[in-house]
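Could you take a look at this one with me? I've jotted down some notes to go with the picture.

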Amino acid sequence: MLREITLGQYYPTDSVIHKLDPRVKLAGTMVFIISLFAFGKIESYLVATLFLATVIRVSKVPFKYMIKGLKAILMLLMITVIFNLFLVQGTVLVKFWVFQITVEGVKTAVSMAVRLIYLIIGSSVMTLTTTPNDLTDGMEKSLSPLKKVHVPVHEIAMMMSIALRFIPILLEETDKIMKAQQARGADFESGNLIQRAKNMVPLLVPLFISAFRRANDLAMAMEARGYHGGEGRTKMRPLVYQKRDKTAYLVLLGYFVLMFVVSRLNIIETVLFGVLGW
């Protein structure tokens with residue numbers, strides 16, 4: 001499962017999405033996530049599906065690689081669906097023993113599942129097509145107006161970049177520790193969920209030691225190179241908007257307007273509920 005987590009990893013290839021300014025991709029991710037939670041109609045999800053599929057196709061990142069990150073949240077996804085399916089009150093659809101499934105529960109469960117899946121995939125598109133350095137520059141540039149109220153923008157962006165960079169490193173380190181302990185007789189596969197969680201406890205000590213050692217090495221390397229924060233620092237390649245970036249902003253605006261318009265329609269939902277008699 002550790003190998004299936006793609007958050008924080010970069011997939012190098014030549015595509016329009018890779019060449020976009022990181023500020024555009026940050027804004028696009030935020031707009032996409034906001035649209036998922038602001039508009040909850042079936043028509044809206046169809047537009048979001050089409051938009052996300054188009055972006056993935058243009059990014060040239062393999063779809064199988066893109067959805068690897070979903071395996072890591074499969075348990076969370078199942079819990080979310082089950083809780084919404086059985087605990088939401090409304091028009092009873094199916095009832096057995098003390099449990100009941102309602103029409104509102106089905107709608108809420110499907111809606112939350114789609115939102116969670118699209119949120120992970122949408123975030124993965126940004127990290128897979130943007131290097132950590134570009135992501136840091138984009139965050140810092142986007143949040144630069146907050147410097148006027150003494151918010152440490154550069155430090156915040158740097159911490160987020162380091163955290164993203166450390167995710168695949170720590171996952172690889174965890175995988176090595178697990179293999180080393182399995183070679184010595186440790187068992188991480190058998191048993192129920194609670195037992196398997198207890199078996200993971202011996203991983204924490206060597207993993208924390210490794211993480212602190214890497215953090216200390218990074219701090220010493222930054223100090224040796226004279227790093228003292230973002231004050232007075234310049235960029236080797238400053239971010240400048242290109243024509244393709246402005247076009248991408250127009251596409252995002254068009255997407256959000258289209259989501260707003262279709263969210264006012266109930267054509268598919270009315271027809272579906274009429275056929276099913278709900």
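Here are my points, one topic at a time.

1. First, the ground rules. This is a predicted model, where local features need pLDDT of at least 70, side-chain atom pairs count only at pLDDT 80 or more, and totals for chains, interfaces and linings use all residues. Residues are numbered from 1 along each chain as its sequence is written, and side-chain values use heavy atoms, with hydrogens and water left out.

2. The protein chain has twelve helices and two strands (DSSP runs, H or I of at least four residues for helices and E of at least two for strands, numbered from the N terminus). Starting at the N terminus, the order is α-α-α-α-α-β-β-α-α-α-α-α-α-α.

3. Of its 278 residues, 34% are buried (under 20% relative accessible area with a 1.4 Å probe, protein chains only; exposed is over 50%, partly exposed in between).

4. Which residues of the largest nonpolar core touch the most other members? They are Phe32, Ala48, Leu52, Met66 and Tyr255, out of 29 residues. (Such a core is a set of buried Ala, Val, Leu, Ile, Met, Phe, Trp, Tyr and Cys residues joined through side-chain atoms within 4.5 Å.) Elements giving two or more residues to this core include α2 (22-38) and α11 (243-262).

5. Now the rings. Phe39 and Phe260 have ring centres 6.2 Å apart and planes at 75°, so they pair edge-to-face (centres within 6.5 Å; planes over 60 degrees apart are edge-to-face, under 30 stacked, the rest tilted). Phe39 sits in the loop between α2 and α3, and Phe260 in helix α11, 221 residues apart. Phe39 is buried at 9% relative accessibility, while Phe260 is partly exposed at 39%.

Notes:
Phe/Tyr/Trp six-rings, centres within 6.5 Å; stacked < 30°, edge-to-face > 60°.
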